[in-house]
Amino acid sequence: MTTTFEKTPGWLDWYPDPSTPHFRLPDGAVDAHCHVFGPGAEFPFAPERKYTPCDASKDQLFALRDRLGFSRNVVVQATCHGADNSAMVDALRASGGRARGVATVRPDVTDDELADLHDAGVRGVRFNFVRRLVDVVPQDALRAVVERIAPLGWHVVIYFEAADLADLRDFFLSIPVPLVVDHMGRPDVTKDPTGPEFEAFLDLMRAKPDIWCKVTCPERLSVDGPPALDGERHSYRDVVPFARRVVEEFPDRVLWGTDWPHPNLTDHMPDDGLLVDGIPHIAPTAALQQALLVDNPAGLYWSDTP
Ligand SMILES: O=C(O)c1cc(C(=O)O)oc(=O)c1
């Protein structure tokens with residue numbers, strides 16, 4: 001029996017025919033934040049999910065990788081699949097070593113399950129604090145997960161809203177493995193990029209030398225665009241100063257990704273080729289681009305391979 005799913009009303013599907021970027025990615029570039037959704041008939045969405053997406057298969061992800069000029073992907077477990085990592089793991093196994101993954105696991109995950117995930121290419125777990133996406137998981141349970149994954153050399157990816165950072169900061173700083181922040185901690189870009197709110201985020205990065213930051217999702221954070229559509233190669237200009245501050249202060253601790261297939265956008269769906277054309281605006285030199293796109297993700301995800 002196959003299961004069919006009805007998408008969340010108003011769901012925007014991923015952009016079907018992205019432009020070829022004008023910006024030429026350096027050799028070995030990694031799309032360090034992307035997802036697969038199902039396909040739902042093969043990998044059903046989780047009963048506890050907060051949204052039901054369109055399908056976005058591994059083959060479609062790999063086609064995007066090739067179209068944009070990336071070499072490799074980091075596939076992050078999407079919340080619509082809960083703690084069932086099978087669609088993500090299937091993508092890793094099909095990638096021929098060209099994809100690594102970030103999983104969602106519960107504290108009762110077995111050693112064998114962790115070993116299988118590692119063998120497939122998983123190198124981290126994701127803790128999500130965004131309440132529209134997940135039910136809150138108690139910090140004790142998260143600490144128990146950290147104890148399970150630390151011996152594998154994995155890191156923890158954290159996704160939170162800027163308004164929640166003050167409450168979460170001590171917990172984050174107490175985690176004894178590297179952290180990777182999704183989407184710059186979701187700053188309110190109507191505020192000053194040199195003001196106290198974003199400074200609090202940069203202070204978090206200063207306080208723990210093994211925190212990394214994904215300078216991703218301008219399409220989610222932007223308030224007045226212009227969107228990455230219709231040939232616009234300098235999109236989401238209100239987000240650029242935030243990303244640039246992080247890239248310039250922490251050039252060795254930043255990552256970039258498309259966020260394809262861009263779950264839960266409500267306004268428009270960006271052309272991923274034009275998103276790539278935004279990279280030189282946040283990382284203006286060849287050295288910054290090499291670190292952001294190649295060396296940093298290789299160190300975090302492929303350090304055990306040549
Ligand atoms: O902001 C979001 O809606 C979102 C959702 C997910 C997910 O559902 O996993 O992942 C992301 O990176 C961003």
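Two residues are in contact if their C-beta atoms, placed from the backbone, lie within 7 Å. Keep that in mind. In this protein, of the contacts with a separation of 6 or more, 76% join residues 24 or more positions apart.

Some ground rules. This is a predicted model: local features need pLDDT of at least 70, side-chain atom pairs count only at pLDDT 80 or more, and totals for chains, interfaces and linings use all residues. Residues are numbered from 1 along each chain as its sequence is written.

Now the overall build. The protein has eleven helices and eight strands. These are DSSP runs: H or I for helices, at least four residues, and E for strands, at least two, numbered from the N terminus. The C-alpha atoms fill a box of roughly 45 × 45 × 40 Å along the principal axes.

Next, burial. A residue is buried with 20 or more other C-beta atoms within 10 Å of its own, exposed with 12 or fewer, and partly exposed in between, with C-beta atoms placed from the backbone. Of the 306 residues, 44% are buried.

Take helix α8, residues 240–249. Which of its residues are buried? They are F242, A243, R245, V246 and V247. Their cover includes α6 (196–207), β7 (211–214), β8 (254–255), α10 (279–282) and α11 (286–301).

Last stop: P226. It sits in the loop between α7 (218–221) and α8. P226 is partly exposed, because 13 other C-beta atoms lie within 10 Å. Leaving out residues up to four places away in sequence, P226 touches E232 and S235. P226 and D238 are twelve residues apart in sequence, and their C-alpha atoms are 8.9 Å apart.
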